[in-house]
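Subject: Structure for your review

Dear colleague,

Please find below the structure that I am handing over to you. I would be grateful if you would look through it before reading my notes.

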Amino acid sequence: MILPDVGAEQKTEVTASARPHRPAWIEIDLAKLKRNFDIINADKPRNVQVLSVLKDDAYGHGALRVARTAVEGGAAFLALSSLDEAMALRQRGIMSPMLLLGERQEAELPWCIEHRLTCCVNDRRGAEKLAEAAARMDRRVPVHLKINTGMNRYGVRWTEAAKLVELIGSSKNLALEGVLSHFAMSDELDKTFALLQLSRFNEVLAQMEARGVRVKHRHLCNSGGFLDLPQAHFDMVRLGMVQYGVYPSKVCRRVAGLEPVMTVKARIAGIQHLEKGDCVGYGMRYEARGPRRIAVIPVGYGDNFPRVRNTGCVLAAGKRAPLVGGVAMDAITVDVTDIPEAGMWDEVVIMGRQGGEEISVHEVAQWKNSVSYDVLAGWRTRLPRIYVHEDEVV
């Protein structure tokens, strides 16, 4: 193949787009993502803004595409977990307000200031170091004060927050733009602890109000809080899972029309015909009790498919094909004896919908003995992300 005379970076893109991708991939439906934002905007109160959480490559969906769609959908803020994540978006032209969750090393602070990345302040030392860095750069930077209301991860304890509010207010180089906390159990039926956290958060806000301190952004709700705790919406809600069409639990409120954006697919790469007594895979974990037709799917625990044995299934021709044997690094085997129409290189669905059947992320999480967050974010980058219906978003 002769490449056109283009730059090195463009040559890589031309070559990558020209060659066929592996017969296992992830489809991200950007039209569904856009509809999800539209539905969320219609569901939430008009005065409540959305902060779109894009950490861990937007939970495996691809941070750049999701960021563009979120901004188009009206998101007021984007949230990342690391400086690298934020800089990757800045370098690709995403100039929207960004909040860096967690804590920052001192060496990161000049980068955050230079590239207009808003930091969370968790303690006195962090506030002082950020103020010093801003002073050296002759800047006054916005900050969001993190309140520890009981999650005990990041943030100043709610009983000690007033002193930190005063410190930030006394600094010429810091501007208190936001106050936040984080629910530990917002998506469970029992809201006792969530309501206690809300009470503690309100206690801090009341102390600030008494001192004449007002902020632009007060945000406590994650996806579960957005769905089930309207009294905690305040000015902004931080949405992760729900914007991708996945609910954080089985019991939280449903919003009509939200759909999963991610589908994991592959093609049948082999067919084996077993006779009675034949075994399948490492460790001979499956033995055929009679003639069986086995399809080989080229995806495995190297892609973060759950490393199970004789558990789970894929969808072939809109029907469930049970997994047999153990999961290898690059392959799983499924029984398609009762699906005679399934043949070589036919498309199967590993997670998502095909015809009238669906394998949800929650079901995959059960096989993995984990949670849906882990499944979404865990699919490896060697599975190509294929973006569909992108033209409907632009």
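The notes below describe what was found, beginning with the chain as a whole and moving on to particular residues.

**The chain as a whole**

Please keep in mind that this is a predicted model. The chain contains 12 helices and 21 strands. Its C-alpha atoms fill a box of roughly 80 × 60 × 40 Å, taken along the principal axes. Of the 394 residues in the chain, 52% are buried. Among the contacts with a separation of 6 or more, 66% are accounted for by residues 24 or more positions apart.

**Aromatic rings**

A pair of aromatic rings is described by the distance of the centres and the angle of the planes. Rings count as a pair if their centres lie within 6.5 Å, and by this rule there are 4 aromatic pairs. One of them joins Y59 and Y373: the ring centres are 6.4 Å apart and the planes stand at 45°, so this pair is tilted. Because Y59 belongs to helix α3 (residues 55-59) and Y373 to helix α12 (residues 372-378), the pair ties together parts that are 314 residues apart in sequence. Y59 is buried, with a relative accessible area of 10%, whereas Y373 is partly exposed at 32% relative accessibility. Y59 and Y373 also form one aromatic cluster with Y244.

Another pair is made by F201 and F234. The centres of these rings are 5.3 Å apart and the planes are at 70°, so the pair is edge-to-face. It links distant parts of the chain, 33 residues apart: F201 is in helix α9 (residues 192-210), and F234 is in the loop between α10 (223-228) and β10 (236-239). Both F201 and F234 are buried.

Two arginines lie over aromatic faces. R65 is placed over the face of Y387, at 4.3 Å from the ring centre, and R253 over the face of F226, at 6.0 Å from the ring centre.

**Two helices in contact**

Two packed helices are described by the angle between their axes and the distance between the axes. For helix α2 (residues 30-43) and helix α4 (residues 63-72), the axes come within 9 Å and cross at roughly 40°. The crossing of α2 and α4 is right-handed.

**A buried methionine**

M208 is located in helix α9. With 3% relative accessibility, M208 is buried. Leaving aside residues up to four places away in sequence, M208 touches V165, L176, V179, V213 and V215. M208 and A162 are 46 residues apart in sequence, and their C-alpha atoms are 7.2 Å apart in space.

**Positive phi angles**

Which residues other than glycine have a positive phi? Two examples are N304, with phi near 80°, and A317, with phi of about 55°. N304 sits in the loop between β15 (292-297) and β16 (313-316), while A317 sits in the loop between β16 and β17 (319-324). N304 has 17% relative accessibility and counts as buried; A317, at 42%, counts as partly exposed.

Yours sincerely,
A colleague

Methods
Residues are numbered from 1 along each chain as its sequence is written. This is a predicted model: local features need pLDDT of at least 70, side-chain atom pairs count only at pLDDT 80 or more; totals for chains, interfaces and linings use all residues. Side-chain values use heavy atoms; hydrogens and water are left out. Rings of Phe, Tyr and Trp (its six-membered ring) pair if their centres lie within 6.5 Å; planes under 30 degrees apart count as stacked, over 60 as edge-to-face and the rest as tilted. Helices (H or I, at least four residues) and strands (E, at least two) are DSSP runs, numbered from the N terminus. Buried means under 20% relative accessible area, exposed over 50%, partly exposed in between (1.4 Å probe, protein chains only). A charge sits over a ring if NZ of Lys or CZ of Arg is within 6 Å of the ring centre and within 35 degrees of the ring normal. Axes are lines fitted to C-alpha atoms, for helices over the stretch in contact, and angles run from 0 to 180 degrees between N-to-C directions. A crossing is left-handed if the near helix is turned anticlockwise from the far one by less than a right angle, and right-handed if clockwise. Contact means heavy atoms within 4.5 Å.
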